[in-house]
Amino acid sequence: MTSPSSPVPVAVLDMGASAIRLIIGEAGPKGLVRVLEDASRGVLLGRDAFSTGVIRSETADAALSALEGFRTLLGDYGVERVRAVATSAVREARNGDVFLDRVKARTGLVFEVINEAEESRLVYLAVRDRLAKHGAFKGAWTLLAEVGGGNTDLTLLRRGRPNRSGVYALGAIRLRQQLGLSRHTPDLRASMLNRYIAHIVDEIRVDIPLHRVTHVVAIGGDVRFAAVHVLDRDFTDGAPLDVPRDRFLASLVVCDASLRLGALIDLAVPGGRLGAEDFERQVLASADAVGQKYKYDRAHGMHVARLAVQLFDQLGEEHGLTPRDRLLLEVAALLHDVGLFIGLRGHHRHSQYVLSASQIFGLSDIETQIVANVARYHRRGLPDKSHQAYMALDREDRIIVGKLAAILRVANGLDAEHLQKVRSVTLTRRDHTWLLDLESTGDTTLERLASTARTDLFVETFGRRLLVQERGVAG
């Protein structure tokens, strides 16, 4: 019988393009995760999704059969907490929602379709667990590369911390189905593959400075298979393989980390042993990489973000939001002007579009949409029922958007000239008025006028007028 102090087993189901995989584990001493079972059943969901865009009934039946077997295994281990995730194949299938509803009805398992940013986060947690003490993990610029059946997931680390990431349509099953390789001669296949891969690599170069990479950590079944044949070494012990440097431009390490291992660590040890401060730094580093991609004014974005979180902290009792919401505000403030990359006119709407389509490390799809909407309302019109992207959020998230956008509008006005003249702000309440005192350098007339002009949503949201003044100046 299990004692109250015994570790409780948890499990992760990963529904990928080529297989459905189950990993069962438990948290041991000092937060270490011990794997109890790692099983896999080949189900080619990607064969359908990448060729026709629909998961066929025969493939769905095979998936259901595999999941019913895994359900029995979960019962044998007494697992009560399960995280079930689906990636590219289900995400891209037109009938993905219907398929997952059928899975739920038949097995009771509820799958979440995770976005590319969450994939990158989970892969990072797994590699961090396996290679935290390895020199490659904390190299100057380390590229994590997971090659799957549908996609290739890349995360660039700077001294062990995520700097930027992306997921690209490059995988064995996707290539085979989309290019119809089986219909062509070997020479033509090679030519088609070379052209397709070169196109994706050009896309990657736009997002990730590959010329900086000093170390590569490669994961995934196909990579491990190739490494065994290149090095003629067994990989069954799970130890990382260090590929001789003379074969590559950068140091290459192959290890057995996986998305499902990262999800297991995250489930068994909430946060994956990643402190809140460390996680925030990684999210903001990824946001900064998005900003640099769109050539944003980094000094302005960082300054507005700093003022916005000062206001957020001082309004804590009034807004009742969480530290996670604070982070979303900081990201939105940092990136509120990325729409300028498209054009000056209506750039707030461009910012919403750009951010809604961006992948920021550690943010869910819903959080990304909240950030995009907050950035959308940093200027001009207020949230309105006629705005489709805003109304697509549920009621609670729309309230969060309103509160965060109210703060961002004021903070943005406080750096109207992009000269960072307002150093800090102090917010106090006097009767039915908020007094916002500025500590600044130079003439802040324009900043006071701009921030005052943008108090409309603030007053509407928090119920009191806001008076902006120089510190020590009477209202």
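Modeller: We may begin with the surface. The chain exposes about 22100 Å², and carbon and sulfur atoms supply 51% of that area; accessible areas come from the Shrake-Rupley method with a 1.4 Å probe, and for residues only the protein chains shown count as cover. This is a predicted model, in which local features need pLDDT of at least 70, side-chain atom pairs count only at pLDDT 80 or more, and totals for chains, interfaces and linings use all residues. Residues are numbered from 1 along each chain as its sequence is written, and side-chain values use heavy atoms, with hydrogens and water left out.

Colleague: Why is His300 called buried?

Modeller: Buried means under 20% relative accessible area, exposed over 50%, and partly exposed in between, with a 1.4 Å probe and protein chains only. His300 has 1% relative accessibility, so it counts as buried. His300 lies in helix α11 (residues 298–314); helices are DSSP runs of H or I with at least four residues, strands are runs of E with at least two, and both are numbered from the N terminus.

Colleague: Which residues does His300 contact, leaving aside its neighbours within four places in sequence?

Modeller: Contact means heavy atoms within 4.5 Å. The partners of His300 include His336, Asp337 and Asn412.

Colleague: What makes His378 a buried residue?

Modeller: Its relative accessible area is 1%, and therefore His378 is buried. The place of His378 is in the loop between α15 (365–376) and α16 (388–391). Among the residues that His378 touches, not counting those up to four places away in sequence, are His336, Asp337, Leu408 and Asn412. The C-alpha atoms of His378 and Leu408 are separated by 5.9 Å, although these residues are 30 apart along the chain.

Colleague: Why is Ile342 called partly exposed?

Modeller: Because its relative accessibility is 47%, Ile342 counts as partly exposed. Ile342 is found in the loop between α13 (323–335) and α14 (347–356).
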